[in-house]
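Work through the exercises below with the sequence and the 3D structure open beside you. Try each task before you read its solution.

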Amino acid sequence: MSVSYRLVGDVGILTVENPPVNALGHAVRAGLLGALGRARDDVTVRALVLHGGAGTFSAGADLHEVIAGTAREAPSAAELESLIEGLAKPVVAAIEGACLGGGLELALACHARIASPGATLGLPEVKLGLIPGSGGTLRLTRLAGPEAALEAITSGAPFTGQRALELGVVDGLAAEPLAAALEAAAALARADAPLRVTSELTARTARVSPELFAAFRAKLAARTRGQIAPLRAVDAIEAATMRPAPEALRLEREYADECRDSAPRRALTHLFFAERAARRVPDLPPGVTPRPIERAAVIGAGTMGGGIAMTFANAGIPVALLELSGEALARGLALVDKNYQASVARGSLDAARAAEARARITGVTDYAALGQADLIVEAVYEDLEVKREVFARLDRVAAPQAILATNTSSLDVDAIAAATARPAQVVGTHFFSPAHVMRLMENVRGRASSPETLATVMALARRLGKVAVLAGNCDGFIGNRMLMYYGAEAEFLLEEGATPAQIDRVIEEFGFAMGPLAVRDLAGNDVGFAIRKRRRLPADERWSPILERLVGAGRLGQKSGRGYYRYEGRRRLPDPEVSALIEAVSRELGITRRDIPDEEILARLLHPLVNEGARLIEEGIAQRSGDVDLVYVYGYGFPAWRGGPMYWGRRAGLQAVVETMRGLSATHGARWRPAALLERVAAGGGGWDNDASAAAGGATADH
Ligand code: NAD
């Protein structure tokens, strides 16, 4: 049974029972239709309450139905909503847990809503390249006004019951929303006044200036680039404001269909399913359970350590943050405080929650304070000997069961584990900067990492609100190894005739937040060069000397005001000195500079990513192609609406990728040859992924 119906006095209660999240699949909609009809026809029923079983209202439509285009099969959500609005008996929604997407659309159609203060409401459709398609844009606009609707629907960000009350989305808050909704429904029935029909409200849309929408579109354009859904959401909200309800609903449906059939929607749902698939580690023995993490510790309060400590604290886990000296600790904690203030100022955290989280971070300088931690993350300098020393010391003071994790970006996790007597409990947890914001956690399995250790860090990622991908242990793991070839190719393009500004523009127009050379300047060219120096290259390969020369000239990037560009504040400007330096390199290498078309730049930067991704899968470093996509999207700024490099490569045509790689290997050496797996897939010889669990993720590429 997917919807239950019972009577309390003269109020009928409809409960959606479709675990785990009460998705509004076809059976639920049919159940609701039946129950609504029964309540309508029963003369003893004077009012209704709609809620969800197991503590959650509904997390929304069934995504598989949306993708397949069957979500509107009768009875559609839209039909149920107009049935509710037209009912002569009051219907009150009792909201707790998640009330998202189609769930909120249903609740919005009720005559009143009571929520628990901590309930999670929202219309997150844009995150999947969709817009609400069952009256959500109309009803949220009519209830809360276009400004609030624009903000909520184009960001897809969830809001609490408390916030929903402030916005006018719900009518009351209660710790026990079901009981309160029963009372409210009975009171509405007794009052016998005309019922409030959400789609007919006009108070908040009566005097809206059309300029609001033009201004919002302009604001949105910069951050939405090739996406369609956010702009279509604005169109729908404008219609909800300016046009009669039936027309607005018709337009909403049209826009929703357009979004559903679009390439960005396909790419984004690919990532959604890839995220689910990434949680699975096929070779873990069945029944292995994650260890509970009640307390954590972080070693090193630098750029990464502070952010990692915040990540634990934000997830409710008390954390000790250790530094070498009181002074360094004070500096680290000051940075943490500044980051919390910024989160509050940005509105991503409210002041009370920020204060609670900050209170979970305890600064320490004594290793003896770490004995309570269930997990310790090391984030000291990227130096193998320093890390080995730290791990040897941790091994002596940590609880016997504690897991010791390293945030190294590229060092050998096995060599670090060997410094301890517990290599089975050593693992990589590679966070990205800023760690409290970036969603990726690249977990790295050492040779000896136990199944329990791996299960623990994979489960931990979810608790921390991160997307975890499990990588094998190699130089650079998944992300930085791919980055190496992307960055190297950017420099080869400079040698051949491109400029830093052209390369960065092409990549930014593609949808990355920042081009490769601007990123280098941000991270520090000395840092990039130090990493490069550690690598031993095969005899037929070379690095371009450009990076080294920039560092030699003191052009370290933003921090020195000069790098691939010169900087005025954060504004990057082309620098003739850099052009001269690059041209000198071309001359020395005997390269005749030429105009390189944008398309060639794009292909030559992205194709090595696809190729290296294929190599990583082939070597078993990456478990599946979806994992590679997640790493590059959530860790390196690849535009999500393009689905990640492997997904993109498939769409762009793998045969072209193979051709580019052949050309590159002729000049740059065997390392640039197309991966065998890439050649096989390009020739139509199957998919990227071998294991069965990947098939579920991989198959989504073609939805
Ligand atoms: P950082 O230099 O900002 O911070 C390192 C901190 O560790 C310093 O505050 C230092 O005082 C402290 N430290 C050094 N030795 C210590 C010891 N023995 N005990 C306690 N504290 C000690 O460095 P970071 O950028 O935060 O990088 C830390 C690690 O994270 C490195 O392994 C790096 O490769 C990795 N990483 C960095 C980034 C990034 O973007 N910065 C991203 C991912 C991973």
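**Exercise 1: a residue in a loop**

Gln 623 is placed in the loop that runs between helix 25 (598–618) and helix 26 (625–636), where helices (H or I, at least four residues) and strands (E, at least two) are DSSP runs numbered from the N terminus. Before going on, note that this is a predicted model, in which local features need pLDDT of at least 70 and side-chain atom pairs count only at pLDDT 80 or more, while totals for chains, interfaces and linings use all residues. Residues are numbered from 1 along each chain as its sequence is written, and side-chain values use heavy atoms, with hydrogens and water left out.

Task: decide whether Gln 623 counts as buried or exposed, and find which backbone oxygen lies 3.5 Å from a polar atom of its side chain.

Solution. Start with the cut-offs: buried means under 20% relative accessible area, exposed means over 50%, and partly exposed is in between, with a 1.4 Å probe and protein chains only. Gln 623 has 16% relative accessibility, so it counts as buried. Next, look at its side chain, where a polar atom lies 3.5 Å from the backbone oxygen of Arg 280.

**Exercise 2: the buried side of a helix**

Task: explain why the buried residues of helix 22 are on the same side of that helix.

Solution. Begin by listing them: in helix 22 (residues 525–534), Asn 525, Phe 529 and Arg 532 are buried. These residues are on the same side of helix 22 because they cover an arc of only 60 degrees around the axis, the arc being that of the directions from the helix axis to the C-beta atoms. Finally, ask what covers them: the cover includes helix 19 (479–496), helix 21 (516–523) and helix 23 (546–552), where contact means heavy atoms within 4.5 Å.

**Exercise 3: the surroundings of the ligand**

Task: find how many residues surround the ligand, and how the shell divides by class.

Solution. A residue is near a molecule if one of its heavy atoms lies within 4 Å of it, and 21 residues surround the ligand, the closest being Met 304, Glu 323, Glu 382, Lys 387 and Ser 409. By class, the shell has 10 nonpolar, 8 polar and 3 charged residues; here Ala, Val, Leu, Ile, Met, Phe, Trp, Tyr, Cys and Pro count as nonpolar, Asp, Glu, Lys and Arg as charged, and the others, Gly among them, as polar. Helix 13 (303–314), helix 16 (384–397) and strand 15 (426–431) each supply at least two residues of this shell.

Key
Polar contact = N/O pair within 3.5 Å; in protein donor to acceptor, adjacent residues only side chain to side chain.
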